[in-house]
Amino acid sequence: MVRRAAHPARGNLLADLSSFVGRRRELADVKRLISEYRLVTVCGIGGVGKTRLAQRVAAQVARAYADGVWIVDLAELGERDWASAPGTSDGDRLATVVAGALGLREHSARAPLAALRDHLQERSLLLVMDNCEHLLPACAELIRTLLGSCPGLRVIATSRELLGLIGEAAFSLPPLPVPDPAELPSLTEATTYEAVALFTERAHAVLAGFRLTPENYGAVVDICHRLDGLPLAIELAAARLRLLTPQQIATRLGDRFALLSGGNRLAPERQQTLRGCLDWSYELCWKPEQRLWAQLSVFAGNFAMDAIEGICAGADLVAEDLLSLTAALIDKSILSRDDRDVVVRYRLLESIRAYGREKLHDNGDEAALLRRHRDWYAELVERSNREWIGNRQAYWLRRLNQEHANLRTALDYCLGVAGEPERALHILVRLPALYWWGRGRFDEGRGWLDRALGRAAEPSAERARALLLASRLAFGQGDIEASGRLLAEGEEIGRQLDDSLARSSATFIRGTTALFENDLATAVRLLETALEGLDGAGPATLDQRLHLLFTLVAAAGLNGDHDLAASCYKQVLAETEPRGEDFHRSNAMWAFGLAAWRQGDLHTAAAHEEAGLRLKRASGLEDPLGAALCLEVLTWVETGRQPQRAAVLLGAVDAQWSRHGTSIDSYRHLVGHRRACERRTRRALDEPSFADAYRRGRGFTYDESIAFALRERRPTPEADTVSQTPLTPREHQVAVLVAQGLSNADIARHLVISQRTAESHVANILTKRGFTSRAQIAAWIGTPGSPG
């Protein structure tokens, strides 16, 4: 018979030795799941806090179980623990361990699993099976048997991999939300992020006088971000404050495995160092899974399945096995997945990636994988270049933006280890212009071009085109001196090589410069010359030809040559409509609307600007600069018709210029018309009315500005109420986008931030408002008196 030990307890939960930080939403979710399902498995990579979460949930729901809450820690059990009981099933062996944790002693000859089942059959009890990953078959056998026979039993399991049982509710525990150092929040805002709060709490335990200050909080944000919000890593980093400042810790994270050691001596050995934690995960993988983990470390940011298959398939990994091996790494919480877009993408946490890179180096495979990575992404850029003028334009822009981190890695490899600057130039000049312009990557583009041009000094067609691209980027930033210098060198190489595309590009830049200087006659002449230079150059120049044509529409229209503007506009439509191309077509609509406005045809002008905005939005192209130009002309159209509406549009378009990092002042051929519009609008309204309308428009997001311009919504006082909510302005923007039904991936693209940052903002909103779902955010935004 089974006997309970003397003085039976109602559980074996121990009091926390350290504070429990954050996880409000996760606690609520797991508590809800365990109330609905009898088995909940909390999954996640080692060190993410599965045990602490399960224990905290158990403590909070303990009153619901008459016979208590019991923790069974399996962390230190292994095959050696089974060796003493040959001939016994794994379920029986594990049942003995569970019975011991429950304080039971068995004095009969019955099988341990049967005895345990009989003991639990009439009891109301919550069992927490902690660290199941290395004993999955035994745990699955035991839990399936017990749940099938004990109706009052519920189980929370923690594991790096699901048990795979019918009726199992899975909860994937993510790392803690972290701020993005690239968008460094204020000191006050930084403290609301759970990762920063955990570091601060543990730091205070190490140094009683520690606090976040204006001097150190940026380093703490950097530490938490580079450690991906992984609680174990953050706690180990905070422990180093005995020896180092936060700034010193941040600089030493390049060797994170040496730095992040010496944790809690009472914890299992694998939880005392970051390396020990990852060693444990690595040993739980089969050899092919270990090889794939190492090979995936060449990726930066996130990546798609076609990249895995294209780069990792080889002699040691068969292409046909990669799908199942990837699934296995997801099951083991090595890889995380994001399926909020059309195509699932995958990601390694930075510490997991660094560990894999060490293994790749130790195996002698690093150089070969980096070459394959570079070659695959170079070919991806080639494909985007070939298909750019067509109906896959939005796909390619989105894909290239998603691959931004991997493209940087490929370029860095060309300019570093490989010593192939010409290959870097080849990649750079084949990326679409919108890749650099759409997200304001002027500094980054110029930086890559400067590095590559400095290493590839020999005259070549590639060098000429790279110089001209650098000239355009410099011009886009208003760096006229650098733009002219780069233009002159690129133009000279084009002449030396008799390269018609380079010569035409140089003349195009000169024509655009004249246009922006409001020298309209010179601009038209140069742009026509550049266009003639492309005659007979073949389909490879179609992108440049279309760009030239819509620029000529604007120049000719402003210069009063409506026939030339109309002719060029028709040519753009003839080339783009059959192909389903949207970027150049929508910009040509803007240019022709501008020409119509210059003629005084307000109806045609408004129709074309609105059509351009609709096409940009429907296509999914991220073209905030093009949208700002359409909004600008629409504002001028409305000045004489509806001054109140024009004032709102003025605020909206200025918001878009600001988000793009520029202003209308850069467009000298347009700025005079803008100033006249503003003066007329101010004269038509009293100052308070103008200021109020302008402020409303200034508070619009990108989507809200377009919706208002297309008369799909009325202006709302959102900008006035931001200060009345505890959310920051950025969080308020995110809350509005959540209420519109956008996913985190959509929000990231819309605000031009990383998806991790978007996720952190959403988590922060939920925490600040005490919400547990996105639906609550949407309801709050729509409530009178709320920021929506």
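A search of the whole structure, a predicted model, identified 17 aromatic pairs. Trp376 and Tyr377 form one of these, in edge-to-face geometry. Their ring centres lie 5.0 Å apart, with 80° between the planes. Both Trp376 and Tyr377 are buried. Tyr569 and Phe592 also pair: the centres are 4.5 Å apart and the planes meet at 5°, so this pair is stacked. Tyr569 belongs to helix 29 (residues 562–576) and Phe592 to helix 30 (residues 583–599), so the contact ties together parts 23 residues apart in sequence. Tyr569 is buried, at 9% relative accessibility. Phe592 is likewise buried, with a relative accessible area of 11%. Elsewhere, ring pairs join Phe475, Phe516, Trp657 and Tyr667 into a cluster.

Salt bridges were searched in the whole structure as well, and 46 were found. One of them links the side chains of Glu350 and Arg353, at 2.8 Å from N to O. These residues stand 3 apart in helix 17 (residues 350–362), so about one helical turn separates them. Glu350 is partly exposed, with a relative accessible area of 26%.

Arg465 and Asp499 form another salt bridge, at 3.4 Å from N to O. Arg465 lies in helix 24 (residues 461–476), whereas Asp499 lies in the loop between helix 25 (480–497) and helix 26 (500–516); the pair therefore ties together parts 34 residues apart in sequence. Arg465 is partly exposed at 29% relative accessible area. Asp499, at 10%, counts as buried because the cut-off for burial is under 20%.

Helices 25 and 26 are also tied to each other, through Glu491 in helix 25 and Arg510 in helix 26. Arg510 is partly exposed, with a relative accessible area of 34%, while Glu491 is buried at 10%. A network of salt bridges links Glu632, Asp654, Arg674, Glu678, Arg682 and Glu687.

Negative charge gathers on the surface in a patch made up of Glu528, Glu532, Asp561 and Asp563. Glu532 is located in helix 27 (residues 520–532). Its relative accessible area is 53%, so Glu532 is exposed.

Leu77 sits in the loop between strand 3 (69–73) and helix 3 (79–82).

Terms used. Residues numbered from 1 in each chain as written. Predicted model: local features only at pLDDT ≥ 70, side-chain atom pairs only at ≥ 80, totals over all residues. Heavy atoms only, no water. Patch = residues over 30% accessible without salt bridge, like charges linked within 9 Å, V, L, I, M, F, W, Y side chains within 5 Å. Areas by Shrake-Rupley, 256 points an atom, 1.4 Å probe, with all protein chains shown as cover. Salt bridge = Lys/Arg side-chain N within 4 Å of Asp/Glu carboxyl O. Lys, Arg positive; Asp, Glu negative; His and termini not counted. Charge placed at Lys NZ, Arg CZ, Asp CG, Glu CD. Helix = DSSP H or I, 4+ residues; strand = E, 2+ residues; numbered from the N terminus. Buried < 20%, exposed > 50% of the residue type's maximum accessible area, 1.4 Å probe, protein only. Phe/Tyr/Trp six-rings, centres within 6.5 Å; stacked < 30°, edge-to-face > 60°.
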